[in-house]
Amino acid sequence: MGYEKKTMKLITSLFMLLMIMVMVLFSGCMTQQGDGDTQFKGWNLTLSCDGKESHLSLADLKKMPVYTGNGYLVSTTGIKYGPFVGTGVPLSNIVQTMGKSNENSRVYLYGSDEYLWVLESGQVSGDGYITFDENLSEIHNQKITPVLMYEQDGKSLSQDDGGPVRFALLTDHAGVITEGSGWVKWVSRVELHQ
Ligand SMILES: Nc1nc2c(c(=O)[nH]1)N[C@H]1C(S)=C(S)[C@@H](COP(=O)(O)O)O[C@H]1N2
Ligand SMILES: [Mo]
């Protein structure tokens, strides 16, 4: 075999190797960018009322009524998070499927970390929340739609942001801030206490 032929063979091999590396890297990127929901495969939400339990998958939630609105929260330490656009299922639609409620009912929202937040019945439909403007001065008469949010700014909610599902207080216009403590991350269980 001549010197030139050997060099050609080496160049061809190196080129092939490079192509394989590019393909491997590319497929790596593609699987990472793929449907964000695949990382939550097997996830479900438990609904509990009067000793009876049922479950909803993420796909089930996405077939339910949808609300999109403005999300903006402030933590107890005064750090603001947002504004962003949130999308989810109104909590009232979920609670309706669970059973009858009245003014004395309570809804318990659990995070998978055992965090628990309790709502009075009026809060399920958006009443009785404290709202602030961007200077954190209290403002009144804001329309709030509480949702189980699965999308933020058009993207699936990441684990870091409390995904796949976070309880969110969405407003019909921008610049309204709500208390972060109620924004339960990693919602795993909803109980209706009639
Ligand atoms: N599951 C769960 N949700 C939670 C909490 C928590 O500890 N666990 N902390 C709450 C509090 S006190 C605040 S201020 C916000 C903080 O939201 P952030 O982590 O997006 O900044 O999440 C709320 N939701
Ligand atoms: Mo907080």
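Predicted model: local features only at pLDDT ≥ 70, side-chain atom pairs only at ≥ 80, totals over all residues.

Start with E114, which is exposed, because its relative accessible area is 69% and the cut-off for exposed is over 50%. Look at its backbone while you're there: phi is near 80 degrees, a positive value in a residue other than glycine. Most residues other than glycine have a negative phi.

You'll find L136 in the loop between β7 (131–132) and β8 (138–139). Is L136 buried, exposed or partly exposed? Its relative accessibility is 34%, so L136 counts as partly exposed.

**Two cis peptides**

Next, select G82 and P83. The peptide bond joining them is cis, with omega about 0 degrees. P83 belongs to strand β4, which covers residues 80–90. Then move to G163 and P164, also joined by a cis peptide bond; here omega is about 10 degrees. P164 is in a loop, the one between β10 (155–156) and β11 (166–171). For context, most peptide bonds are trans.

**The ligand site**

Time for ligand 1. Show the residues around it: S75, T76, G111, D113, Y115, R166, G180, S181, W183, V184, K185 and W186. Colour that shell by type and you get 4 nonpolar, 5 polar and 3 charged residues.

- D113: an N or O atom of its side chain is 2.7 Å from a nitrogen atom of ligand 1.
- W183: here it's a backbone N or O atom, lying 2.9 Å from a nitrogen atom of the ligand.
- K185: a polar side-chain atom lies 2.5 Å from an oxygen atom of ligand 1.

How much of ligand 1 does the protein bury? On its own the ligand exposes 530 Å², and the protein buries 74% of that.

**One face of a helix**

Pick helix α3, residues 91–98, and show side chains. L91, I94, V95 and M98 are buried. Turn the view until you look down the axis: the buried residues of α3 fall within an arc of 95 degrees, so they line one face of the helix. Now check the face turned away from that buried side, which carries the exposed residues Q96 and T97.

**A buried threonine**

Select T46, in strand β1 (residues 44–49). Its relative accessible area is 12%, under the 20% cut-off, so T46 is buried. What is T46 in contact with, leaving aside its neighbours within four places in sequence? The answer is E53, S54, H55, S188, R189 and V190.

**Zoom out**

Finish with the whole chain in cartoon view. It has 4 helices and 13 strands. Of its 194 residues, 36% count as buried. Among the contacts with a separation of 6 or more, 60% come from residues 24 or more positions apart.

Notes: Residues numbered from 1 in each chain as written. Chains lettered and ligands numbered in written order. Heavy atoms only, no water. Near = heavy atom within 4 Å. Polar contact = N/O pair within 3.5 Å; in protein donor to acceptor, adjacent residues only side chain to side chain. Areas by Shrake-Rupley, 256 points an atom, 1.4 Å probe, with all protein chains shown as cover. Nonpolar A, V, L, I, M, F, W, Y, C, P; charged D, E, K, R; others polar. Helix = DSSP H or I, 4+ residues; strand = E, 2+ residues; numbered from the N terminus. Buried < 20%, exposed > 50% of the residue type's maximum accessible area, 1.4 Å probe, protein only. Contact = heavy atoms within 4.5 Å. Arc of directions from axis to C-beta.
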